[in-house]
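Please consult the briefing below alongside the sequence and the coordinates. It is arranged by topic.

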Amino acid sequence: MLKVTAGRWTLFLGTSMKKCNNCRELKPLKEFTQSKRVPSGYTTICKVCTCTRQYEWREHNRDKTRSAVRRYNEKHKDRVLAKCALYRATSPQYKITTKNNNDKRTKSGYKKAWTATHRANKIKATPKWANLEKIKHIYKGCPKGWHVDHVIPLRGRNVCGLHVETNLQYLPAHDNMSKSNKFN
Ligand SMILES: [Zn+2]
């Protein structure tokens, strides 16, 4: 590899390497964006540095970024709407989200009613001797994606459990929802 320095330009002859002006690392040419503005034909800073800089700029200028997106969406309304329609029609993730949103369990009214009833049941099922501090601690320590479950359900078919610390356990959210008020 031959290194030629002329003024502020450094050329590496017989190689496809280039030095990034930002991170100062020697990188292969494919790590740089092609640009007609500079004599070398490639941007002076590497793709990684370009991305980092852009990201930082957007973080510091959130309002500008937001209004730019809004302007773009308004100017290219048809294109954006078509893209959204395509996403709705083809994305598997979109189908899952819509299905979940339409599921009666997650419809807000149903959910609110269920939460309210459950809260009332908990109050009714809490004896005077229950250790409220311990119960609070159990609810606070519940890992993400898990539910606090009543081992013996508060309103079971055959038995009714109490809202006390010894009747509580952690259960994965999915298992808890399929358990309902069954107790085996
Ligand atoms: Zn770089």
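**Briefing on the predicted model**

Ile-152 is partly exposed, because 15 other C-beta atoms lie within 10 Å; a residue is buried at 20 or more such neighbours, exposed at 12 or fewer, and partly exposed in between, with C-beta atoms placed from the backbone. This is a predicted model, in which local features need pLDDT of at least 70, side-chain atom pairs count only at pLDDT 80 or more, and totals for chains, interfaces and linings use all residues. Residues are numbered from 1 along each chain as its sequence is written.

**Two loop residues**
- Ile-152 belongs to the loop between strand S5 (146-150) and strand S6 (168-172).
- A C-alpha separation of 6.5 Å is found between Ile-152 and Asn-167, which are 15 residues apart along the chain.
- Arg-24 sits in the loop between strand S3 (17-19) and strand S4 (26-28).
- Arg-24 is exposed, because its count of other C-beta atoms within 10 Å is 8.
- The phi of Arg-24 is positive, near 65 degrees, in a residue other than glycine.
- Most residues other than glycine have a negative phi.

**Chain organisation**
- The chain contains 7 helices and 6 strands, defined as DSSP runs (helices H or I, at least four residues; strands E, at least two) numbered from the N terminus.
- Along the sequence, the pattern is β-β-β-β-α-α-α-α-α-α-β-β-α.
- Of the 184 residues in the chain, 3% are buried.

**Confidence**
- Mean pLDDT (the predictor's confidence in each residue, from 0 to 100) is 82 for the chain, with 83% of residues reaching 70 or more.
- Where pLDDT is low, predicted coordinates should not be read in detail.
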